[in-house]
Amino acid sequence: MTFVLTLTHKTEMKHLYIIGNGFDLFTGLHTSYGHFRRWLETNYVFVYENMVAAYNMEGEWWNDFETQLGQLDVENYVRRFTKPKKLIAENIADLEARGQKKRKTPVIPNLCSENPCANRLRGLLEILQFCFERWVDDCQRMITDPKYTHIEKDESFFINFNYTDVLEWLYEIPEERVLHIHGRASKHERLIFGHNKHPHGGIFSSVDVDNTCSELCRYQKNPYEHIFKHDKLPEIISDVKEIHVYGLSISPVDEDYLDWIEQHTPLDCKWEFSWHTEKDKERINKFVLNHWRIKERYSTTQLQQLVGSM
């Protein structure tokens, strides 16, 4: 991700907006992971079918796409996609063929075992990354009748978890006051998505299991890696008076970001959370319960209650 905070002088920010996917959905973009599933099934069915083959997609798997990415049963995955062992005679024939090839073209011996399952997963996740970026680009171009909510434009800074340009294009927020923490599609940045797990093999796991876990770890989302890229961020948010969390699901993947923000903002600032479903309210209550400092200083709202016009 190439974005760098470019505020050239100290500007006191009174409002900090933390923008999640619910904000884009409210605006009218089809950016839920359910939408992504349908887009993938329509446009890249072979990728969708390989995802279904790799993961046990039951119930609302796609609704929790990022978390579910890290839930791959690696042992079972390797067992299912490992080719049956060859007969001894076939192995001998392979070794003889390799020996003849080496005599013709000398190469440095490769001491590492082949990892077909790890390679298969790497290829699947890389093409999924390509599809994900194409889908986000399509989402931005397909909006025709946007819906607006009220936000304070002046003396405000925005940490945007979305990949889209809704804030810049529709709300006309200056680019230097929007931090796309996971990348920005219109700038052709690599979009960051992933899980919060750390998969690893067991003591007696095969090399292919260990390497497959390593491939899955490449899509582990480390919030501090993305926050610490922006060394001016603590200073920018150090004096905010109000924090508005709009459209963020506060899933386990998001909580570490909010933990860091809560620790780097004033003790007396007010928090406002938007909610859409009862599950959203449960997650908000859980977050507040685990962050007792804001218990007396938070409120909830719904984006439609703040509807404004441009």
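# Notebook: a predicted chain and its strands, helices and cores

**Entry 1. The segment after E6.** I began with Leu-306, which I located in the segment after strand E6 (298-301). The model I am reading is a predicted one. I looked up what Leu-306 touches beyond four places in sequence, and I noted Thr-149, His-150, Tyr-246, Glu-272 and Thr-301. I then checked Leu-306 against Ile-151: the two are 155 residues apart in sequence, and their C-alpha atoms are 8.3 Å apart in space.

**Entry 2. The chain as a whole.** I turned next to the totals. The secondary structure comes to 13 helices and six strands. Of the 310 residues of the chain, 46% count as buried. For the accessible surface I recorded about 17500 Å², with 51% of it belonging to carbon and sulfur atoms. Among contacts with a separation of 6 or more, I found that 75% come from residues 24 or more positions apart.

**Entry 3. Strand E1.** I asked myself how many residues of strand E1 (residues 15-19) are buried. I found that five of its five residues are, and the strand is mostly covered. I then examined its two faces. His-15, Tyr-17 and Ile-19 lie on one side, Leu-16 and Ile-18 lie on the other, and all of these are buried.

I looked for the pairing partners of E1. Five bridges join E1 to strand E2 (residues 156-160), and the two run parallel. Five bridges also join E1 to strand E4 (residues 242-246), again in the parallel sense. At the level of residues, Leu-16 stands opposite Phe-157 in E2. Ile-18 has a bridge partner in each neighbour: Ile-159 in E2 and Val-245 in E4.

**Entry 4. Tyr-17.** Why does Tyr-17 count as buried? I read its relative accessibility as 1%, and the limit for a buried residue is under 20%. Setting aside residues up to four places away, I listed its contacts as Ile-151, Glu-152, Ser-156, Phe-157, Phe-158, Ile-159, His-244 and Tyr-246. For one of these, Glu-152, I also looked up the separation: 135 residues in sequence and 9.1 Å in space, C-alpha to C-alpha.

**Entry 5. Strand E2 and its other neighbour.** I moved across to E2, which is also mostly covered, with five of its five residues buried. Ser-156, Phe-158 and Asn-160 point one way from E2, Phe-157 and Ile-159 point the other way, and all are buried. I found that E2 pairs with strand E3 (residues 178-180) over three bridges, in the parallel sense. In that pairing Asn-160 stands opposite His-180.

**Entry 6. Thr-27.** I placed Thr-27 in helix H1 (residues 21-27). Is Thr-27 buried or exposed? I record it as buried, because its relative accessibility is 2%. The side chain of Thr-27 reaches the backbone oxygen of Phe-23 at 2.8 Å. Beyond four places in sequence, I listed its contacts as Ile-143, Asp-145, Pro-146, Lys-147, Val-166 and Leu-170.

Entry 7. I then looked up where the nonpolar residues gather. In soluble globular proteins, nonpolar side chains tend to be buried together. The largest nonpolar core here has 36 residues, and Phe-36, Leu-40, Phe-65, Leu-128 and Phe-132 touch the most other members. The largest share, ten residues, comes from H7.

I followed Leu-40 further. Apart from its neighbours within four places in sequence, Leu-40 is in contact with Val-45, Val-47, Tyr-48, Trp-62, Leu-128 and Cys-131. I also noted a second, separate core of 29 residues, which includes Leu-16, Ile-18, Leu-233 and Ile-261.

**Entry 8. Helix H12.** My last item was helix H12 (residues 252-263), which has twelve residues. From first C-alpha to last, H12 reaches 17 Å, close to the expected 16 Å. I asked which residues of H12 are buried. I found Val-253, Asp-254, Tyr-257, Leu-258, Asp-259, Trp-260, Ile-261 and Glu-262. Of these I had already met Ile-261 in the second core.

Definitions and conventions:
Residues numbered from 1 in each chain as written. Predicted model: local features only at pLDDT ≥ 70, side-chain atom pairs only at ≥ 80, totals over all residues. Heavy atoms only, no water. Buried < 20%, exposed > 50% of the residue type's maximum accessible area, 1.4 Å probe, protein only. Helix = DSSP H or I, 4+ residues; strand = E, 2+ residues; numbered from the N terminus. Pairing = 2+ DSSP bridges. Expected span 1.5 Å × (residues − 1). Core = buried A, V, L, I, M, F, W, Y, C linked by side-chain atoms within 4.5 Å. Contact = heavy atoms within 4.5 Å. Polar contact = N/O pair within 3.5 Å; in protein donor to acceptor, adjacent residues only side chain to side chain. Areas by Shrake-Rupley, 256 points an atom, 1.4 Å probe, with all protein chains shown as cover.
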